[in-house]
Amino acid sequence: MFLFSSHVFKLVTTKVYRRHILKQRGWITALIMFMSVFEVAFCQNQTPEQESTQVLQLHYQDRYVVVENGIFQLTLSNPEGFVTGIRYNGIENVLAYTGKEYDRGYWDLVWNFPGKKAKKTKGTLDRIEATKMEVITQNDEQIELSFSRTWNTSSTTAVPVNIDKRFVMLRNSSGFYSYAIFERLQGWPAVELDNMRLVFKLNKDKFHYMAISDDRQRYMPLPDDRIPPRGQPLAYPEAVQLLDPIEPEFKGEVDDKYEYSMESKDIKVHGWISTNDSVGFWQITPSNEFRSAGPLKQFLGSHVGPTNLAIFHSTHYVGAELIMSFKNGEAWKKVFGPVFIYLNSFPKGVDPLLLWHEAKNQTTIEEEKWPYNFTASDDFPASDQRGSVSGRLLVRDRFISSEDIPANGSYVGLAAPGDVGSWQRECKGYQFWSKADENGSFSINNVRSGRYNLYAFAPGFIGDYHNDTVFDISPGSKISLGDLVYEPPRDGSTLWEIGVPDRSAAEFYIPDPNPSFVNKLYLNHSDKFRQYGLWERYSELYPDEDMVYNVDVDDYSKKWFFMQVTRKHANGGYNGTTWQIRFQFDDKMKNLTGNFKLRIALATSNVAELQVRVNDLSADPPLFTTEQIGRDNTIARHGIHGLYWLYNVNVPAASLHLGNNTIYLTQPLATSPFQGLMYDYIRLEWPVSINYITRS
C-alpha cells in the first residue's frame, strides 16, 4: 500500500491541522489530495481483474427493488419509487433509519389549482408516489428503472401532470443518477406549480459535517437541537436559536436553512461527511440547464437534518412571479436532471474532511461527461442532438471609453423568447449560460433544440443585453454570431455614483450581527450578510433619524447600509424610512437646462415602494415612484439580491440649485420588519448636452 511521509501523514490525520488544510491553497494541498486519491484508488481497486468482476444486479423483494454493483446497494420501494435504503462501505443505511420509509429519499412538488390556495398555506405537498415500476434498461453496463404515474382525467384532486421518476446505476460507479420527466397533455386543466425537488435525509447519527463550498463548511447542529426546549424559534419558523444543544459548542447560535442558500451557477456539489466512517454523501449537478430563472437564482441545498436537496424550481428569492402557471389546455414537458448522488470514502488514517476535495474532482468528471449519453429517455438528448451558439460581447459606453470594451466576465445565455431581462422570471423551459472570457468571447454549448433569445448582463454596467432575434437550435447546429454590442443606458457623463453595478448589494455596509444571534461560520467571513437579524441593526444604528449620505465625503462600503428596511418603534410597530443623498453644485452649473438622469438599480424588493423626491421632502406626488414592487423576501432569507430592477428618472435641472442639493429616497410601506429594498447601484448623469469622457 502507498505510504505517506511522516510530516504529510501528520498534516492529514491530526485534527489540529484539519481546518488549516481545508483553507490552504497551493502545492501542499495538491500533494495531499494527490496522495489521498491515489491511496483510495489503490485500496478500492487493487487490480483491473477485481474491478471487472463487479456486476450489476437487480433483485425483487416483497415491496422493493434492490440494485447493486459491488460498490453500493440502492433500495427503492415498489411501485412508489421512494429511496428507502443506501448501503455503502459498511454502513447498512446512510439514510435516516427512523420515521417513515417515504421520508428518506424522494421527489416532491408543491402545487395548487388556480384560486384554490388558502391565504396562509403553501399549497399541496405531493410526495410523487408512483403507481408503476418498469425496468427500462438492464445489461452489464447499466440498469435504469422508471417509477411513473399517469394523471387520471376524471380526477379533481390530483395534480394534472404525468411524472416519470428515473434511477440509473452504472457498473463500477460509486453512486447513482436520478432525473424526472414532467408532462402535461393538451386540454388538461389549469394548475400552478410552486416547488420541485429531490430530497435525501441522511442518518443523523453519522453525518455531522456539511460542505457546500470551499469556505462554507462546518460541523453542524443536530435536528434535535432545533426542537423546544433545546431550540427557540425566532421571527419565523426556519430560524431557531439553539439554547441547549446536544453539543455545547453550538449554544447560542442561530440555525436557519436559508443561511446556506447558493446561486444556481455555484451549485455544483454539496453534501455531508460522516467523519467516524470516512464516508461522504454528495449531490453533483453537472449542469443547471433545467433550473428556473437563470444563473443568479438562489436555491436551498444542504442544511441541518442532515438534509441534502436538489431543488429544480422554487419561488424563493423571487416570489409569486416565479410560480409556474399553466393555463387551461396548456401542454408542457420538461426533464429535471439528471443529478448524480455520489458516495466516497477514505481508508483510516486519511483526514475524512478531504473527501470534499475528492467530491469536487468527481464533479469535474461529471461536467466533462455532460450531457450524459447513457439515459434511456428520448426526452434527454445526447450531445450530438444538441447545438451551440458562440460570439463576442462588447460594451459601448462613449462616456467611459472611445472604444468598445470587451465584456469580460459577463454572463451570456439562451432562454425562451421574451422581453429584456425576462430570463430571471422564466421557468417553464431550459436556459443555457456561459461566462465570457477577458476578450468578451463566449461559447454556449450543448443547447437543446428549441427557440431562444440571447440575453446577457455585464459586471460594471447597468441593465441587460437582449438580442430579440429568435434562434432556432436544431441537432448539430453551430451558430456563430460574431461581435455583439451592448449599449447600457446612458444619457450623459457621471456626476456621482454610489455602489458597483453588479446586481448585488454586497459592496455596501454590512454590520456585525447581534452577538446574541450569530452563526459562527460567518464570523470574519466574506458572506457576513448571511447572519440572522441584520435588519434589526438598522434601527440600532439609526434609532431616531435615517441615514444621510454625502457623495463628496462618505464611503458607500462604510456608510451606505446594505438594505433600506423599516424602523421598529417602541410600541412594536414599524415606520417607513427616508434616506438622503446630498451633493453640491458650483457656479459653473448655473446655466444648465434640460434633465439630469438618475439611474437606480435595485438588487431586491420585498413588498416595498421607492419614492424619489428632489430638494422637497413634502412634494406630493413625488418626482417618481415604483409603486409597490417585489415579493423576494431576500431580507429575511439572508440574501444579497433577488430580482433585479432598473429605473431611469428624469430630474429637471430647474429642480436643482447652486450649493447643497438633496435627493430623498423614501420607502413608506411599513407593516413588517422584512419590507424593504436593496440597492445595486445609483448614478446621477449630467444633461445630455454635456458629453465628454469622464474616465478612460
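**Ground rules.** I worked on a predicted model, in which local features need pLDDT of at least 70, side-chain atom pairs count only at pLDDT 80 or more, and totals for chains, interfaces and linings use all residues. I number residues from 1 along each chain as its sequence is written, and my side-chain values use heavy atoms, with hydrogens and water left out.

**Strand β39.** I began with β39, which spans residues 595-608; strands here are DSSP runs of E with at least two residues, helices are runs of H or I with at least four, and both are numbered from the N terminus. I noted that 13 of the 14 residues of β39 are buried, so the strand is largely enclosed by the rest of the structure; buried means under 20% relative accessible area, exposed over 50%, and partly exposed in between, with a 1.4 Å probe and protein chains only.

I then looked up its partners, counting two strands as paired if DSSP finds at least two bridges between them. β39 runs antiparallel to β43 (residues 645-652) over 8 bridges, with L598 opposite V649. With β45 (residues 676-685) the pairing is also antiparallel, over 9 bridges, and with β42 (residues 629-631) I found an antiparallel pairing of 2 bridges, in which A608 stands opposite I629.

**Residue N606.** Is N606 buried or exposed? I recorded a relative accessibility of 9%, so N606 counts as buried. Its bridge partner in β45 is G676. Leaving aside neighbours within four places in sequence, I listed its contacts (heavy atoms within 4.5 Å) as I629, G630, R631, D632, N633, F674, Q675 and G676. The side chain of N606 also reaches the backbone nitrogen of N633 at 3.0 Å.

**A sheet of 5 strands.** I traced an open sheet with mixed pairing in the order β34-β38-β44-β40-β41. Because β34 (548-550) and β41 (624-625) each have a single partner strand, they stand at the edges, and one side of each is left without a neighbour in the sheet. I found β40 (residues 611-614) joined to β41 by 2 bridges in the antiparallel sense, with Q611 opposite T625.

**Helix α6.** In α6 (residues 534-541) I marked L534, W535, R537, Y538 and S539 as buried. The cover over these buried residues includes β35 (564-565), β36 (567-568) and β38 (577-585).

**Cavities.** For the cavity search I used a 1 Å grid over the protein atoms alone, a cavity being a set of points where a 1.4 Å probe fits but cannot get out, with lining residues having an atom within 4 Å of a point. Grid points are joined across faces, edges and corners, and a volume is the space filled by probe spheres set on the points.

How many cavities of 30 Å³ or more does the whole structure hold? I found 4. The largest has about 120 Å³ of space and a lining of 13 residues, with L296, K297, Q424, H641 and G642 nearest its centre.

Note on methods
Polar contact = N/O pair within 3.5 Å; in protein donor to acceptor, adjacent residues only side chain to side chain. 1 Å grid on protein atoms, 1.4 Å probe; cavity = no way out; pocket = protein on both sides within 12 Å on 5 of 7 lines; lining within 4 Å.
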